[in-house]
Amino acid sequence: MSKIDLSYCAFGARTLLKHLGRLTAEIDGVRDHAFEDTEYVHRMRVATRRLRSALPLFASCFPANQVQAWEKEIKRITRALGEARDADVQLLVLEESLKDTADSDLERGVQRLCLRIRQNREALQERVRKAIDRFVNSGVEQNMMECFREVLGKARVEEVPPLSESIFSTAVDRGMERMADALSYDDFVRDPVNVEQIHALRKSAKRLRYTLEFYDLPYNTQLKPYIEEVKNLQTLIGDIHDCDVWSDFLPRFIEEETRRTMEYYGHSRPIPKIKRGIEHLLSERRNSREKLYEEFLKCWDRLISENFWEKLKNTLRSGYDLLEDKVPADL
């Protein structure tokens, strides 16, 4: 390992160690208190996503078979947490809907929907616990920490600089790749019916945001304004996606609930009252989707008109100048 590579790997070890710590800090809360405070699941899910996004950036610094094992275990947790978090968010939306509803027929449908989602969420919690227990018992955390400690120890002994050209060259390369991917959706997201492409842009924006966050410290936080803009964009597209999920889910829920009712009672007479509340919610979600899409498109076009992407490229490329400047204290 050259000194420049070791400097980059030490930076990677610190980055990964930070997000690993954020993951493990939430284990007890997610396992034992997820229904009391849904933020445990949210924070742990974010930590797993950031770890998964960061690992490919620094994979060359660690044994390939180890990295593959880490990715496999972390992906299992992300998947289990994702399903649980989606149910948590749905329940929060429905609770707000009930606060704004005075019509008993509308309430009946929403309450039935809440019941089914809570039942599903309780079942998902067992899957979450199993994924966490598997991660804890796998020894992945200890293995990751040992690998990070080894790299950091070598960096100390060899007295490598905390900043190196490879940190900024990788930031430029990865940042440009992420930007190119996001901008590749420009023609598609201008049509609101392109649900899949709009959702794909959300994922692309998330990867770009995480990449910028990983490299923000070496850039003396100069990337922060860009991170905030991408975060705002990602949030808007995420809200659009949530509406799309409801639009797909609610008609299927009515069909499933009709089937359940027929099997239990032998008739479907309770369904019209339940259906009224669900159809009201569906109409509300579709109206919200239209407004959110308009807001998203204005935001997207504003970024283009303000030369946001060009400014971000220039800021990334300016990182080499920081090698001559004061090193950030946290590095």
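How many aromatic pairs does the count come to? The count comes to 17 aromatic pairs. The model is predicted, and the points below take up some of these pairs and other contacts.

1. Tyr 8 and Phe 58 form a tilted aromatic pair, with 5.1 Å from centre to centre and 40° between the planes. Tyr 8 belongs to helix H1 (residues 3-24) and Phe 58 to helix H3 (residues 39-58), so the pair links parts of the chain that are 50 residues apart. Both Tyr 8 and Phe 58 are buried.

2. Phe 62 and Phe 148 form an edge-to-face pair, at 5.4 Å centre to centre and 65° between the planes. Phe 62 sits in the loop between H3 and H4, while Phe 148 is in helix H6 (residues 140-158), 86 residues apart. Phe 62 and Phe 148 are buried.

3. A cluster linked by ring pairs contains Tyr 226, Tyr 293, Phe 296, Trp 300, Phe 308 and Trp 309.

4. Helix H5 (residues 104-138) packs against helix H10 (residues 271-305) at an angle of about 85°, and their axes are 6 Å apart. Because of that angle, H5 is roughly perpendicular to H10. Residues making the contact include Asp 105, Leu 106 and Arg 108 of H5, and Lys 273, Ile 274 and Arg 276 of H10. By class, the contact has 6 nonpolar, 3 polar and 5 charged residues.

5. Asp 88 is in helix H4 (residues 64-99). Its relative accessible area is 4%, so Asp 88 is buried. Apart from neighbours within four places in sequence, Asp 88 is in contact with Thr 38, Val 41 and Arg 121.

Technical notes: Residues are numbered from 1 along each chain as its sequence is written. This is a predicted model: local features need pLDDT of at least 70, side-chain atom pairs count only at pLDDT 80 or more; totals for chains, interfaces and linings use all residues. Side-chain values use heavy atoms; hydrogens and water are left out. Axes are lines fitted to C-alpha atoms, for helices over the stretch in contact, and angles run from 0 to 180 degrees between N-to-C directions. Helices (H or I, at least four residues) and strands (E, at least two) are DSSP runs, numbered from the N terminus. Angles under 35 degrees count as roughly parallel, over 145 as roughly antiparallel, 65 to 115 as roughly perpendicular and the rest as oblique. Contact means heavy atoms within 4.5 Å. Ala, Val, Leu, Ile, Met, Phe, Trp, Tyr, Cys and Pro count as nonpolar, Asp, Glu, Lys and Arg as charged, and the others, Gly among them, as polar. Buried means under 20% relative accessible area, exposed over 50%, partly exposed in between (1.4 Å probe, protein chains only). Rings of Phe, Tyr and Trp (its six-membered ring) pair if their centres lie within 6.5 Å; planes under 30 degrees apart count as stacked, over 60 as edge-to-face and the rest as tilted.
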